[in-house]
Amino acid sequence: MNPYTGTDFFSFFGVLFSRLFSWSSSIATDEIQLLVLIGVGLSSALIGTFLVLKQMTMLANSLSHTLLLGIVAAYLITGSGLVGSLGLTSLLIASLITALCTSLLTQFLTGSGKLQEDASIGIVFTTLFAIGVVLVTLFTRNAHIGTEMVMGNSDALHVDDIWLTYAVLLLNGALITLFFKEFKITAFDPGLARSSGISTNFFNYLLMILIALTAIVVFRAVGLVLVLAFFVGPPLIARELTHRLAPLLFISMGTAAVCALLSVALSRHVLTVYQAPFSTGAILVTLIGLFYFTLILIKRLYKRGLMKKSVSVTIPNN
Amino acid sequence: MNGNPSSALCINHLTVNYDTRSVLWDLSFEVPSGRFVGIIGPNGAGKSSLIKAVLNLVEPLSGSIEFFGKPFKEVSHRIAYVPQRSSVDWDFPITAFDLVLMGRYGKLGVLKWPRAADRAAARRALEMVGMDHLAHRQISQLSGGEQQRLFIARALLQEADIYFMDEPFIGVDMATEKAIVGLLDLLRKEGKTLFVVHHDLNTVEQYFDFLILLNTSLIATGATSEVFTPELIRRAYGKNFLIDEAARLSKNKTSGMR
Amino acid sequence: MLRYLTDPILQAPTIGCMLMCLSASLVGVLVFIRKRSLIGEALSHAAYPGVVLTALFFALFFPEQQEALPFAFLVGAFLSALGGLFLIDWLQRVAKIKNDAALSLVLALFFGVGILIASRMQITHALFYQQIQVFLYGQAATMLDVHVIIYALLAMVTVCTTFLLYRLLLIVNFDREFATVTKIWVKGIDAIFFFLLVLSIVIGIRSVGVVLMSGMLIVPAAAARFFARGLASFFCISAFFGLISGFLGNYLSVELPRFYGLSLSLPTGPMILLSSVLIFLFALFFSKERGLVRRYVRIFRFKQQCLTDNVLKALWKRGEGAEVALTELQGFSWRLTILLRKLRYQGWVVSAKPGHYRLSADGWLRALRIVRLHRLWEVYLVTHLGQGKDRVHRNAEEIEHILTPELEQELTELLQDPKQDPHDQPIPGRPEVR
């Protein structure tokens, strides 16, 4: 029995806290969702910050589509991963294939094909995704799988997914920390990086693999729709609040975690109070959007407020 | 010509080919060390391409490049690069101090964090360019001249023997330009070799003692007094139709285009 | 296959698909030229919530009005995509976000909101939900004649606008500065471009789907690029490719599963896209001017030409009428043996004794010409570019193979028909060569 059934927004947190401190033996579906979403949120925000700074967000969009073919390829190699849980090896294979295919094909089109870059990226990701959709539909004999992939299915999450999510988070965190200054310099000034002997190619590829890795985990948790939002939204929110790199990373990770928490609670609330099941992933995206625009609005009003104050100060009082 | 340790830069039959206008064609020259070298030529002459090819930022089609007789990979720690200011996103969330400290990243190697000595050196470099009071300012809040001085400070931190600078004086006021040139002169007096892509013919004779004059192919290299003559300038800045045509045909033939 | 055009049931979806892809591939040319394919991606996803909200609106207030729904979808999608466009602009101008981040944010948020509402309607208004989800990957099969007429009209709007404004589009897209100087209303043309973009996306998503729409904008245009000579032919060829893709995609989405004995049908979007990609691949490899296959053939032929030139030159150096043993030639290998046999067959060399070759009369003239070009170029490099005479040989070795007769003429005039090269060797004169 799911202890969260029938809870509304506030009692959700009540149940959550009490279960946290009682360490009950079995984990509830809502909690699995929560842990996975927080995990992928943290990973995405971490990687996403660098993507936003490097202006590579559309590459994340591209990879979020091509990863489907990577998953299919991993499935063909290892025999698992298409439906049900994804093992760590399958995940790694899938990410590698994704990153490799995308970059090699794009380079082929821009290099030998002499095609302009934006067109190359567009052609590569739409083609690979189209092939992926066709293959998955044929393999699973499910005509609606395309739709399910877009919308995701948070209720089908499994305990194993939690381990996977946090393994990926650990990997991301470790690599970013280890190579922090390399990521910083290749993002800011790739020319200096290369001429200092730092291989921009290596770090770009590494970043691409991390994007693919994270995106696949997000994708399996909440579908295509959330991947890009999670990479881009929290960093942009954080950017409004700070001008320094380390705080930027931490605030975007924090924002992602908070939004994940709130969205699971909201999803349960709406289900309980209005008997209306909504896609948790979609709620998350909407929350991120709301946060962002509210923040911008507040900032603008605040600025206008400040300006009004300064104007009234300069007008002499008679 | 090969492996001569006393020449700062030795280039042999360098050809660089993109799909954009800039092409470098069969360049060969040698520059002795300790010079303050100006790289001049009209727009699209390939000046930036030369720097990029030399610094391993683009793949040349053919030719060899040597610094003190060695290839780039062996001596990259002795070379500093000051790119064009526009090549960097100044909205990036770092401070002036962070930017200057990046000059040490190459030397530190992977997995190492900047040490106290590196930070002290960064502070000293900022003092030398007169920017120590702005050390913790966000780079987006700096003026063009201040940004350029930051780049110089960063280059100083690289503790190199050869410095390459790509159009450092664009959009910079005269006072800052003079200040920077003063700093560069100090470097030269220490025996460093400086290469500067320069756009303003009026100040060439004042600043540089050695010139590389190019327009797709090499027009001339040598002491400023010998190279900076009306005849050679005209040759460089005039239209070299035949060379351009030949270069274009050559590129087409090697890539199979008609 | 033809029954897809004639059978009254299959007719509507097929022709509908073709027309939708026509307008997409037409506008795609403009997107391609302006290098804005990423904005197509953002806007197509931004159209989705419009479709969903329209369905919701109808489900709540007019649940009986099913006939009006397809047209309402068009309006909803249009308004939504337009909203996305303005938001992208606002984010860049006012919120000071970089272009790629603005596109990604709008894409993700709009799409997310659409999915949010759609996920609810999956349970509450299942029939409407099915109509919405068609727009994800496209499904032409349920189109009726009346839909085709509306889409045809809209596609005609696209075609006519492109046709009427052709001249202006040409100038504005290829030479913006000139256009501004001649007081053409550049902002107006830009606005029309965005209008056409949103329109063609809205038309196209019924058959290609939101997720893959941006591909349909670029791929036919990218394929047409390999064949086009000017803007007009670019438009026509791209439109033609779009038509074929629409037809093939629709056809394959029905026939392919049938071929594999499966009872499901594939969504039309991926099949249309993959059809156009096939055309693109064909263009990439086999097109006459820029196709890869042709290019590699040309490179190979050029290499052979250079090799031949060099061999003939080597023979020439031995002196007039000299018989040279194959084994004495530098770089002797079995490849050289084959080459010389081929040259003999072509008439450039003659072989009196086995294993020995000498230049024929034609071969002599050809070698002379190469030498002439080589030495002329060396003179040019030394006198006009101030290069040292010990440096020029290598470059001339390369250029001697590519100088055209026109360039030779220019060189001769420029250098005033020199008789000696920088190494004091005689330059073969023009009458000798002719």
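## Domains of chain C

In this predicted model, the centres of domain 1 of chain C and domain 3 of chain C are separated by 57 Å, taken over C-alpha atoms. The domain assignment of chain C places domain 1 at residues 3-287. Domain 2 covers 294-359, and domain 3 covers 364-433.

## Where chain A meets chain C

On chain A, 44 residues are in contact with chain C. On chain C, 46 residues take part in these contacts. Several helices of chain A each supply at least two residues of the side that touches chain C. They are α3 (57-78), α5 (117-140), α6 (145-151), α11 (224-241) and α13 (280-314). Helix α5(A) gives the most, with 12 residues.

What is the make-up of the side of chain A that touches chain C, by nonpolar, polar and charged residues? There are 25 nonpolar residues, 16 polar ones and 3 charged ones.

## Where chain A meets chain B

Chain A also touches chain B: 20 residues of chain A are in contact with 20 residues of chain B. Helices α8 (180-188), α9 (190-195) and α12 (245-274) of chain A each supply at least two residues of the side of chain A that touches chain B. By class, this side of chain A has 9 nonpolar, 5 polar and 6 charged residues.

## Chain B overall

Chain B has 11 helices and 9 strands. Its radius of gyration is 19 Å, close to the 18 Å that the globule rule gives for 258 residues, so chain B is as compact as a globular protein of that length. Along the principal axes, the C-alpha atoms of chain B fill a box of roughly 55 × 40 × 35 Å.

Of the 258 residues of chain B, 45% count as buried. Take the contacts in chain B between residues at least 6 apart in sequence: 71% of them join residues at least 24 apart.

## The six-stranded sheet of chain B

Strands of a sheet pair through backbone hydrogen bonds, either parallel or antiparallel. One open sheet of chain B has 6 strands, in the order β5-β6-β7-β3-β8-β9, and its pairing is mixed. Which strands stand at the edges of this sheet? They are β5 (79-82) and β9 (217-223) of chain B. Each has a single partner strand, so one side of each is left without a neighbour in the sheet. Neighbouring strands of this sheet are turned by 15° against each other on average, direction ignored.

Strand β3 (residues 36-40) of chain B runs parallel to strand β8 (residues 210-215) of chain B, and 4 bridges join them. One residue pair can be picked out here: B:Ile39 has B:Ile212 in β8(B) as its bridge partner.

## The three-stranded sheet of chain B

Another open sheet of chain B has 3 strands, in the order β2-β1-β4, with antiparallel pairing. The edge strands are β2 (23-32) and β4 (62-66) of chain B, and each pairs on one side only. On average, neighbouring strands of this sheet are turned by 10° against each other, direction ignored.

How many bridges join β1 to β4(B)? There are 4, between strand β1 (residues 7-17) of chain B and β4(B), and the two run antiparallel. For B:Cys10, the bridge partner in β4(B) is B:Glu66.

Key:
Residues numbered from 1 in each chain as written. Chains lettered and ligands numbered in written order. Predicted model: local features only at pLDDT ≥ 70, side-chain atom pairs only at ≥ 80, totals over all residues. Contact = placed C-beta atoms within 7 Å. Nonpolar A, V, L, I, M, F, W, Y, C, P; charged D, E, K, R; others polar. Rg over C-alpha atoms; globule rule 2.2 N^0.38 Å. Buried ≥ 20, exposed ≤ 12 C-beta atoms within 10 Å, placed from the backbone. Pairing = 2+ DSSP bridges. Axes fitted to C-alpha atoms, helices over the stretch in contact; angles between N-to-C directions. Domains from an automatic or database assignment.
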